[in-house]
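Trainee: I would like to learn how to read a model like this one. Please take me through it feature by feature.

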Amino acid sequence: MPRPLHLRASKVLQPQARPFLKWAGGKSQLMGQIIPYLPQALINGEIETYIEPFIGGGALFLEIAQHYPVKNLIIADVNPEIVLAYRVIQTQVSELISALAFLESQYLQAPESERETMFYAIRQAFNQSQTEINYACVADPEIQHTAQLIFLNRTCFNGLFRVNQKGEFNVPFGRYVRPRICQADNLQRVAQLLSSVKILRGDFELIRPFVNPQTFVYFDPPYRPISKTASFKAYAQANFTDHEQTRLATFARELDQRGAKLLLSNSDPHNEDPADHFFETLYDSFQIYRLQAKRAINSNSSKRGPVSELLILNYLVETLPEQIG
């Protein structure tokens with residue numbers, strides 16, 4: 001049985017591409033827990049297409065692209081800023097690095113008292129330019145816009161991406177001493193991986209034409225809030241409600257009927273209410289497992305301890321504990 005590339009000694013010491021954005025619910029910290037749940041067909045080289053329709057920070061996409069023999073890679077998101085950022089890195093990474101290096105130099109050389117002013121000036125410019133950006137192309141305005149996005153993501157409070165009902169970035173200033181704004185080597189590695197990737201913008205159902213029995217799809221939607229005060233869904237103007245969660249489950253069952261391998265992540269309602277079986281009901285024919293994660297985004301530091309998150313699969317995985325449902 002072939003081993004995944006990340007277990008082969010020749011690859012161990014190679015620098016690895018990492019997510020270029022900090023992301024609410026990003027999977028970097030959970031990757032070691034997620035890998036054992038990947039389908040055996042992926043490890044065996046039987047998967048031809050990998051699709052991730054809620055790309056966000058793209059931690060699992062980068063893992064798959066670097067370590068598994070998949071011919072076709074497709075990523076998508078409904079958020080135009082995120083899709084544009086991936087397209088800019090794919091086609092104009094050198095220009096993006098130059099723009100980020102300039103912003104980083106300005107920021108790090110500024111006195112602490114001026115950094116906050118610079119942050120809010122760039123945030124305002126970023127929001128005001130949204131109506132002028134052509135999200136269907138990549139030219140200088142779009143490169144500068146993406147540089148501003150990465151700058152804001154690296155210097156804002158907790159590294160969030162959050163927008164208000166107008167679609168404006170509204171995360172406040174974060175007080176970091178030396179934030180890593182321009183990570184040139186990593187951006188180059190991400191660009192190399194993106195060189196042949198299909199990047200789409202739109203609702204998750206737009207992946208339908210690309211799915212067949214040789215496809216592996218990872219759904220990482222905005223998480224269902226585990227309490228009334230824990231909601232963090234505003235990564236795009238339209239909130240991902242229970243109705244949307246239900247629509248996603250219906251779509252997952254459709255793709256299951258096509259024979260595709262499916263993996264989904266979400267919050268675990270049992271963290272707050274053991275009687276809340278929302279996902280067990282939605283995915284009653286799937287396998288459901290719990291992982292342990294830290295809740296990093298909470299204004300109260302005492303509430304950042306371990307919580308459960310769900311992995312939902314439509315395929316069997318042998319010798320793994322804590323199956324529920």
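Predicted model: local features only at pLDDT ≥ 70, side-chain atom pairs only at ≥ 80, totals over all residues.

Trainee: What secondary structure does the protein chain have?

Mentor: Helices (H or I, at least four residues) and strands (E, at least two) are DSSP runs, numbered from the N terminus. This chain has 10 helices and 8 strands.

Trainee: What percentage of the residues is buried?

Mentor: Buried means under 20% relative accessible area, exposed over 50%, and partly exposed in between, with a 1.4 Å probe and protein chains only. Of the 325 residues in the protein chain, 52% are buried.

Trainee: Which residues of H4 are buried?

Mentor: A general idea comes before the case. An α-helix has 3.6 residues a turn, so residues three or four places apart point the same way. Now look at helix H4 (residues 59-67): 9 of its 9 residues are buried. They are Ala59, Leu60, Phe61, Leu62, Glu63, Ile64, Ala65, Gln66 and His67.

Trainee: What do contacts in the protein chain say about sequence separation?

Mentor: Contact means heavy atoms within 4.5 Å. Take contacts between residues at least 6 apart in sequence: 74% of them join residues at least 24 apart. Leaving aside neighbours within four places in sequence, Asn212 is in contact with Arg258, Gly259 and Ala260. Asn212 and Arg258 are 46 residues apart along the chain, yet their C-alpha atoms are separated by 6.0 Å. Asn212 counts as partly exposed because its relative accessible area is 29%.

Trainee: Which residues does the UniProt annotation "binding site" cover?

Mentor: UniProt positions are given in the numbering used here, feature names are shortened, and annotations may be inferred rather than shown by experiment. The unreviewed UniProt entry annotates Trp23, Lys27, Asp77 and Asp220 as "binding site". Trp23 lies in the loop between helix H1 (9-12) and helix H2 (31-34).

Trainee: Why does Asp220 count as buried?

Mentor: Asp220 counts as buried because its relative accessibility is 14%. Its place is the loop between strand E4 (215-219) and helix H9 (242-257). Beyond neighbours within four places in sequence, Asp220 is in contact with Gly25, Lys27, Phe54 and Ser265.

Trainee: Which residues line the largest cavity?

Mentor: On a 1 Å grid over the protein atoms alone, a cavity is a set of points where a 1.4 Å probe fits but cannot get out; lining residues have an atom within 4 Å of a point. The lining of the largest cavity holds Phe20, Leu100, Ile150, Arg154, Ile181, Gln183, Asn186 and Leu187. Helix H7 (140-155) and helix H8 (184-194) each give two or more residues to that lining.

Methods
Residues numbered from 1 in each chain as written. Heavy atoms only, no water. 1 Å grid on protein atoms, 1.4 Å probe; cavity = no way out; pocket = protein on both sides within 12 Å on 5 of 7 lines; lining within 4 Å.
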